[in-house]
Amino acid sequence: MPLPSPSPTTRPAWQALAAHYASARALTLRELFAADPARGRRLAVEAAGIYLDYSKNRVTDETLALLLQLAAECGLRERIDAMFRGDKVNVSENRAALHVALRAPRRATIVVDGEDVVPGVHAVLDRMAAFADLVRSGAWTGYTGKRIASVVNIGIGGSDLGPVMAYEALKHYSQRNLAFRFVSNVDGTDFTEAVRDLDPAQTLFIVASKTFTTQETMTNAHSARDWLLAGCGGDAKAVAKHFVAVSTDAAKVAAFGIDPANMFGFWDWVGGRYSMDSAIGLSTMLAIGPEHFRAMLAGFHDMDEHFRAAPFERNLPVLLALLSIWYNDFFGAQTVAILPYDQYLKRFPAYLQQLAMESNGKRVMQDGTPVACATGPIVWGEPGTNGQHSFYQLLHQGTRLVPCDFIAFAQSLNPRGRHHDLLLANVFAQAEALAFGRTAQEVTAEGTPDWLVPHRVFEGNRPSNTILLERLTPAALGTLVALYEHSVFVQAAIWNIDPFDQWGVELGKALAQRIVPELEAATDPVPGHDSSTDALIRRYRMLKAPRG
């Protein structure tokens with residue numbers, strides 16, 4: 001049981017920040033830039049291939065100093081060291097949270113419960129690479145001898161969001177004679193549409209479930225098994241040629257019909273939302289190949305090393321996290337917008353949504369006592385420039401403060417005329433417009449009628465970070481993901497919460513298990529819920545019954 005520890009709000013630096021906020025909230029970015037012409041160059045950091053411009057934040061040198069003091073008072077350095085050592089930093093489950101071991105080089109040594117885990121990590125990676133080479137080359141064939149042409153990943157949560165995000169992000173590098181589909185929702189429509197145009201004889205399924213009991217995943221897996229057998233003459237031997245598993249339960253995998261030799265394992269110190277670089281990434285390796293996958297791991301590791309070693313005032317994840325704390329807990333900003341200006345990153349905001357909100361959506365501290373401040377901002381976003389024609393109106397002229405992260409790449413993977421210059425011009429223009437806006441005097445000087453002036457004023461003073469990389473490569477994707485992983489960890493350390501458990505997903509799942517037989521029973525169930533739930537169950541049973 002963890003020992004009681006102080007609330008972050010009792011820390012001297014937190015109280016100093018609260019006092020500082022009273023005056024700092026009135027400062028404008030126009031004033032800050034006018035007072036410091038070098039601000040745009042001074043408040044920027046470059047590391048691991050990422051250039052972070054955080055100058056368009058409503059902070060002064062005093063703000064940053066107090067935020068860094070808060071990190072020190074909360075023992076951030078000790079928490080970082082504990083995670084990298086393999087200590088059991090997931091306190092509620094008494095586990096390590098050692099996703100950094102998934103991308104450690106072979107020469108590294110990381111000990112968990114007396115065992116160096118790095119050799120086991122690379123043994124799995126080597127098996128994944130050998131299997132990927134077989135499938136990609138056509139040497140692995142299906143039950144009828146045809147080569148595999150389609151890969152369907154069946155998972156949910158981290159077993160889906162990571163693989164589908166990585167596939168979309170790295171599609172430029174994917175083998176195009178292999179089609180990839182992703183099934184996660186227990187809604188039968190998801191599976192039906194995923195396989196509608198596929199040939200069972202040329203389809204490989206990856207079933208990703210650590211325990212091989214996840215309700216949604218196994219429901220879809222059994223539907224996939226039935227679909228395959230219906231298309232392959234009903235011979236159960238076909239399953240072993242068309243299914244592989246990412247799991248830790250060899251007995252359940254074998255009972256399903258999958259050869260345990262084609263089971264790729266991972267460890268209880270890998271959380272689902274931190275697992276895209278483990279065996280959960282098998283679909284990613286099949287798509288982009290082992291060499292690119294290892295490049296992605298190297299990108300992860302570069303950011304890991306920067307996070308572990310860089311001084312906090314030059315540490316990218318630490319700076320992003322502290323700025324998020326500043327807006328979440330002092331300005332009362334409830335959301336953060338992730339705005340990637342690259343179409344390949346269209347699923348990146350959804351991926352970060354789970355990473356941040358499942359990790360830090362907590363109401364108690366590590367010792368179980370209620371947290372005294374706001375935690376876990378809502379993360380959302382869409383790629384630019386599409387978002388500019390939907391929700392940017394609210395960002396610019398709405399009543400809510402929404403800090404934004406703009407993510408962009410200097411080089412396009414698909415250069416076409418002026419497209420990329422126009423894309424990057426929009427990145428820089430949006431950040432500039434959010435920061436500095438347009439005053440009534442400026443609008444009037446443009447000849448705008450007086451009655452229209454208020455509608456065309458941009459208040460400005462809306463904060464953003466700009467994250468610029470050279471090119472979207474597998475390594476760059478790994479670096480970006482690790483940047484946000486570690487930022488989420490830092491925020492949790494400040495709030496003194498456990499970012500590695502997710503008990504909040506359990507209650508609904510348990511209640512659903514109870515309700516399923518009530519929906520499927522031949523006779524009406526005895527009311528046993530609240531009046532609303534009982535009425536909904538009765539209504540559903542009535543509507544799903546065939547009409548006479």
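This is a predicted model: local features need pLDDT of at least 70, side-chain atom pairs count only at pLDDT 80 or more; totals for chains, interfaces and linings use all residues.

User: In what order do the strands of the open sheet come?

Analyst: The order is β6-β5-β7-β8-β9, which makes an open sheet of 5 strands with parallel pairing.

User: And which strands stand at the edges?

Analyst: Those are β6, residues 179-183, and β9, residues 263-264; each has a single partner strand, so one side of each has no neighbour in the sheet.

User: How many bridges join β7 to β8?

Analyst: There are 4 bridges between β7 (residues 203-208) and β8 (residues 243-246), and the two strands run parallel. Within this pair, Val207 has Ala245 of β8 opposite it.

User: Which strands does helix α7 touch?

Analyst: Helix α7, residues 158-169, packs on the sheet and touches β5 (150-154), β6 and β7, with its direction at about 150° to that of β6. Helix α8, residues 188-195, also packs on the sheet, where it touches β6 and β7, and its direction makes about 170° with that of β6.

User: Switching topic, at what angle do α1 and α14 cross?

Analyst: The axes of α1 (residues 12-24) and α14 (residues 316-331) cross at roughly 75° and come within 11 Å. Angles of 65 to 115 degrees count as roughly perpendicular, and α1 and α14 are therefore roughly perpendicular to each other.

User: Which residues make that contact?

Analyst: Among them are Trp14, Leu17 and Tyr21 of α1, together with Ile325, Trp326 and Phe330 of α14. By class, the contact has 9 nonpolar, 1 polar and 1 charged residues.

Methods: Residues are numbered from 1 along each chain as its sequence is written. Side-chain values use heavy atoms; hydrogens and water are left out. Two strands pair if DSSP finds at least two bridges between them. Contact means heavy atoms within 4.5 Å. Axes are lines fitted to C-alpha atoms, for helices over the stretch in contact, and angles run from 0 to 180 degrees between N-to-C directions. Angles under 35 degrees count as roughly parallel, over 145 as roughly antiparallel, 65 to 115 as roughly perpendicular and the rest as oblique. Ala, Val, Leu, Ile, Met, Phe, Trp, Tyr, Cys and Pro count as nonpolar, Asp, Glu, Lys and Arg as charged, and the others, Gly among them, as polar.
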